[in-house]
Amino acid sequence: MSTGDAALLIVTAGDLPQADRHELPLDVGERTGKWAAQLDAALIDLAQPVIVVAAELAAIAFAHWAQLSPLRYSRQIAGAVLLDPAAPCEWPRLGLASTPATPLPFPSLLVASGIGTAAHILALAARWRSRFATRDAIQNDIAGDSTEASLRAALRAFLAPRASSAPTLRRSIAELTPPLASLLFKSPPIR
């Protein structure tokens, strides 16, 4: 599978909602090693705390990575928003038959866009000890505690129209971390 077919992982850093957005197209295939190495390179040496927003297959890949990586790899992850995590029938595209049933090592919010996916996502939320919300509830800004409010703000920033062009985004990624930039420069352009 090509990188262009993969969901994007978005890392937001700084004060929301004016946070920087850094995108990483995951190299999804039937081998876990490639996308796991991409996540290692992008996330283990971050200088400041970040919130990760990952959708669909990237949400499953990120959760799997976070559950199996040493805790020091995720020390700068302040929280995660997992939007419409892929259903188990799609996990083989990542080379996975299952994901660990252990809590994520940081606060997390699992979000369902529709009623059809809510049951599957509720089950994952229970396994991973994550909070659950629907996309409508987040867009209607139902309040939560400060951690949940930050996660909701990160999702709203993710869903907002992109203000930066691909070259501007690539420059900001290059400033974040050289390994992440090198991965992106080998990838097709971000649309």
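A residue counts as buried here when its relative accessible area is under 20%. Keep that cut-off in mind for strand E4, because six of its seven residues (77-83) fall on the buried side, so the strand is largely enclosed by the rest of the structure. This is a predicted model, by the way.

What does E4 pair with? On one hand there's strand E3, residues 50-55, which runs parallel to E4 and is joined to it by six bridges. On the other there's strand E5, residues 108-112, also parallel to E4, with four bridges between them. Val81 is a handy residue to look at in E4: Val53 stands opposite Val81, and in E5 the bridge partner of Val81 is Leu109.

| Strand pair | Bridges | Direction |
|---|---|---|
| E3 (residues 50-55) and E4 | six bridges | parallel |
| E4 and E5 (residues 108-112) | four bridges | parallel |

Now zoom out to the whole protein. The protein has seven helices and six strands, and along the sequence they follow the pattern β-β-α-β-α-β-β-α-β-α-α-α-α. Of its 191 residues, 49% count as buried. Among contacts with a separation of 6 or more, 69% are between residues 24 or more positions apart.

Notes
Residues numbered from 1 in each chain as written. Predicted model: local features only at pLDDT ≥ 70, side-chain atom pairs only at ≥ 80, totals over all residues. Heavy atoms only, no water. Buried < 20%, exposed > 50% of the residue type's maximum accessible area, 1.4 Å probe, protein only. Helix = DSSP H or I, 4+ residues; strand = E, 2+ residues; numbered from the N terminus. Pairing = 2+ DSSP bridges. Contact = heavy atoms within 4.5 Å.
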